[in-house]
Amino acid sequence: MKAPKSALLVVLLPLFVLLLAFASLSFGAGGVGWQDSLHWLLGASSDAHVDLVLGELRLPRLLKALALGAALGAAGVLLQTVTRNPLAETGLLGVNSGAALGVALGIALFAGQSPAAQIGWALGGATLGSLLVLLLARAGGGQSSPLRLVLAGLALTATCHSLTAWLALVSTANLDRYRFWLLGSLAHPHAGLLWPSLVLIGVGLTAAMGLVRPLSALALGDDLARALGQRPAPARVGAVVVVALLTGTSVALAGPIPFLGLIAPYCARTLAGVTIASQLPYSILLGSALMLSADLSSRLLLAPFEAPVSAVLAGIGAPLLIWMVNRDATLALMPAGTER
Amino acid sequence: MTKAVRRLAPIPLLLMLAYAALVAGTPRLSASQVYAGLFGPGADWLSTLVTQFRLPRLCAALVVGIGLGAAGALLQNLTRNRLASPDVLGINDGALLALALSLMLNPTGLLGPWWCAVAGALITAVFTLLAAGGVGTRGYRVLVVGLGIASLLRAGFDIALATLPIFHATGLYAFSVGSLAGRAWPVVTVAAALLGILLTACWVISRALALLCLHDDSIRGLGVNLGQLRFTVLMLAAALAGVTVGVGGPIGFVALAAPMLAQRLSPDGGIPVWCSASIGAVLVTGADLLGRIAAAPVEVPVGVVSGFLGGPFLLWLLVRPKACGAG
């Protein structure tokens with residue numbers, strides 16, 4: 001029974017993503033409906049207004065959402081495998097806020113910087129953040145409660161966030177820009193930022209695919225992985241570097257986006273099973289689909305205002321987190337001696 | 001005897017910090033100027049500076065610190081979890097969201113009555129209680145559930161922020177960082193009065209509170225209605241946290257650190273509420289002072305200082321090989 005189900009999914013999921021992508025081109029401000037976007041896609045439209053709305057506004061936004069969803073979905077799977085923690089997510093563990101602090105620092109130190117520098121600062125922050133996460137996860141020797149890591153992420157987030165907030169508050173002129181950037185808005189396509197980010201995310205996704213075999217071996221435990229001819233430490237560091245690359249780029253592109261790396265891998269596990277080889281592609285597709293739907297609802301929910309897409313995702317992700325924590329009895333196990 | 005002395009240790013520190021808070025700033029005052037500003041006779045500007053700017057801000061810091069310290073101690077006694085605090089459990093975010101909603105629903109565009117924060121805190125506490133399936137369970141679970149609720153409420157706050165005009169949004173964002181700048185007497189006096197009522201209630205139930213470090217069955221065996229007691233303590237803690245958010249916005253980690261330091265000072269039994277409250281006052285006053293003088297002439301909001309110092313503190317608590325302490 002399993003094979004036909006997954007075959008159906010392989011066809012249906014990309015179709016679903018395409019449908020959402022078309023919807024993303026067809027809805028929103030600007031008075032351009034789905035007929036117009038269909039004409040434009042077929043190359044039959046010569047209307048300058050349609051060209052502007054679709055080519056300059058909605059298409060970059062669509063590409064951005066697709067890339068972000070794929071990147072964060074993949075990063076979530078990698079991080080969860082490396083830390084052996086179903087709650088590991090770049091937002092919850094503080095990698096996002098590390099990258100955001102990097103960007104804020106870059107903007108504060110060198111105002112008016114180039115897109116390349118912005119990506120560089122975000123990558124630096126994300127690398128530091130994810131290395132710290134790896135160290136913290138290893139500090140417990142794999143014996144510690146999954147929830148402890150989440151709380152450590154909360155601590156990291158608080159520190160980074162307060163520094164970022166201070167940088168934003170010091171330069172009052174930049175506060176508005178920071179505000180929208182920090183909330184993970186997809187609304188402002190930075191033209192110079194989009195294409196390099198897409199390339200970097202493509203590189204990251206390819207590298208993630210390459211890590212599937214070593215990581216699948218790691219899931220069996222370090223000893224078995226060694227017996228299978230894999231070296232655990234380089235695989236782990238490689239995964240963390242890819243996580244930093246994907247997260248840093250996505251944060252530079254759209255600000256920290258929470259919970260996507262929790263929701264997409266969770267749904268992928270439910271749909272495709274626990275092996276990483278099947279989980280990763282599904283998580284990438286589901287991440288894109290989720291991001292597109294969140295972006296669409298952020299546009300339509302409060303129109304003419306725009307709800308921050310991070311808030312929309314938190315609205316889905318936070319209940320999922322609560323449900324996961326409450327459902328899984330083993331999650332709530334805690335190491336002895338940590339209570340008061 | 002020595003125990004009592006140790007519990008009083010924060011008081012001289014608090015007095016020193018209070019004095020420094022009145023003296024430091026631009027312009028820097030001398031002791032005699034502060035005295036003249038407080039009790040006269042002195043120049044008009046001196047009296048205005050001291051009694052209308054620095055003194056209310058100091059009192060706001062004291063109110064916020066005492067409230068947070070007491071709320072943290074109550075919650076940690078209640079959950080028997082040294083990481084429980086109103087910020088981790090989402091209570092502060094609930095209070096903040098309530099304030100944002102009051103701003104949106106108010107036709108005059110002013111921040112609604114600040115007791116909205118208290119109402120928001122109480123509602124959130126009940127909600128967290130329901131979502132976590134009881135607050136008495138030991139462990140990290142209630143904390144991560146609280147974290148989830150906090151993210152949910154933050155999302156609501158972000159949406160509220162996005163729909164507000166930029167002028168209000170900027171002010172509300174600055175408030176949401178946690179700051180004591182420009183707090184004036186009207187807010188401070190009412191908050192202090194409410195704080196007094198809540199602390200009196202804490203004092204009234206202090207005997208029952210001391211029982212919370214016992215085993216559940218032992219407490220029931222003493223004839224105490226445990227469910228009722230827990231609910232009362234939770235509501236008290238939430239109301240205390242709500243008062244502090246109403247005055248200074250959400251200031252993180254004070255409610256986490258103060259009870260822990262208090263327990264260091266008197267390591268037997270449960271967490272001493274009064275000692276924790278005085279340490280909370282020391283922490284907030286100190287953080288506010290630090291924020292005022294560290295990067296002068298720019299002012300660092302107290303919430304930023306507490307987050308910057310509190311994050312590593314929580315991290316240290318979590319990665320420490322063996323958590324020690326009574327209980």
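**Helices, salt bridges and ring pairs in a predicted model**

Of the 340 residues in chain A, 56% count as buried. Keep in mind that this is a predicted model.

**Chain A overall**

- Take the contacts in chain A between residues at least 6 apart in sequence: 76% of them join residues at least 24 apart.
- The accessible surface of chain A comes to about 13800 Å², and carbon and sulfur atoms account for 71% of that.
- One nonpolar patch on the surface is formed by A:Leu8, A:Val10, A:Val11, A:Leu12, A:Leu15 and A:Leu18. Together these residues have about 590 Å² of accessible area.
- A:Leu15, one of the patch residues, is found in helix α1 (residues 2–26) of chain A.

**Helix α14 of chain B**

- Helix α14 of chain B covers residues 273–294, and at 1.5 Å a residue its 22 residues should span 32 Å. The end C-alpha atoms are 30 Å apart, which agrees.
- This helix is mostly covered, with 16 of its 22 residues buried.

**Salt bridges**

- Across all chains, a search of the whole structure turns up six salt bridges.
- A:Arg61 forms a salt bridge with A:Asp295, and the closest N and O atoms are 2.7 Å apart. That pair links distant parts of the chain: A:Arg61 is in helix α3 (residues 48–83) of chain A and A:Asp295 in helix α13 (residues 276–300) of chain A, 234 residues apart.
- Both partners are under the 20% cut-off for buried: A:Arg61 has a relative accessible area of 8%, so it is buried, and A:Asp295 counts as buried because its relative accessibility is 0%.
- A:Asp295 also has a salt bridge with A:Arg299, where the closest N and O atoms are 3.2 Å apart. Here both residues lie in helix α13 of chain A, four residues apart, or about one turn of the helix. An α-helix has 3.6 residues a turn, so residues three or four places apart point the same way.
- A:Arg299 and A:Asp295 are both buried.
- Put together, A:Arg61, A:Asp295 and A:Arg299 are linked in a network of salt bridges.
- Over in chain B, B:Arg154 forms a salt bridge with B:Asp93, with 2.8 Å between the closest N and O atoms. This one also links distant parts of its chain, with B:Arg154 in helix α7 (residues 141–163) of chain B and B:Asp93 in helix α5 (residues 91–105) of chain B, 61 residues apart.
- B:Arg154 is partly exposed at a relative accessible area of 28%, whereas B:Asp93 is buried at 10%.

**Aromatic pairs**

- The structure holds two aromatic pairs over all chains.
- A:Tyr266 and A:Trp323 form an edge-to-face pair, 6.2 Å centre to centre with 85° between the planes. A:Tyr266 lies in helix α12 (residues 260–272) of chain A and A:Trp323 in helix α14 (residues 309–327) of chain A, so the pair ties together parts that are 57 residues apart in sequence.
- A:Tyr266 is buried, with a relative accessible area of 15%, while A:Trp323 is partly exposed at 43%.
- B:Phe313 and B:Trp316 form a tilted pair, 6.1 Å centre to centre with 35° between the planes. Both lie in helix α15 of chain B, three residues apart, which is about one turn of the helix.
- B:Phe313 counts as partly exposed at 22% relative accessibility, and B:Trp316 is partly exposed too, at 42%.

**B:Pro312**

- B:Pro312 sits in helix α15 (residues 302–319) of chain B and counts as partly exposed, with 40% relative accessibility.
- Leaving out residues up to four places away in sequence, B:Pro312 touches A:Thr159 and B:Gly307.
- B:Pro312 and B:Ile219 are 93 residues apart in sequence, and their C-alpha atoms are 36 Å apart in space.

Terms used
Residues are numbered from 1 along each chain as its sequence is written. Chains are lettered from A and ligands numbered from 1 in the order in which they are written. This is a predicted model: local features need pLDDT of at least 70, side-chain atom pairs count only at pLDDT 80 or more; totals for chains, interfaces and linings use all residues. Side-chain values use heavy atoms; hydrogens and water are left out. Helices (H or I, at least four residues) and strands (E, at least two) are DSSP runs, numbered from the N terminus. The expected span of a helix is 1.5 Å times one less than its number of residues. Buried means under 20% relative accessible area, exposed over 50%, partly exposed in between (1.4 Å probe, protein chains only). Contact means heavy atoms within 4.5 Å. Accessible areas come from the Shrake-Rupley method with a 1.4 Å probe; for residues, only the protein chains shown count as cover. Patches are made of residues with over 30% relative accessible area and no salt bridge: like charges are joined within 9 Å, nonpolar side chains (Val, Leu, Ile, Met, Phe, Trp, Tyr) within 5 Å. A salt bridge is a side-chain nitrogen of Lys or Arg within 4 Å of a carboxyl oxygen of Asp or Glu. Rings of Phe, Tyr and Trp (its six-membered ring) pair if their centres lie within 6.5 Å; planes under 30 degrees apart count as stacked, over 60 as edge-to-face and the rest as tilted.
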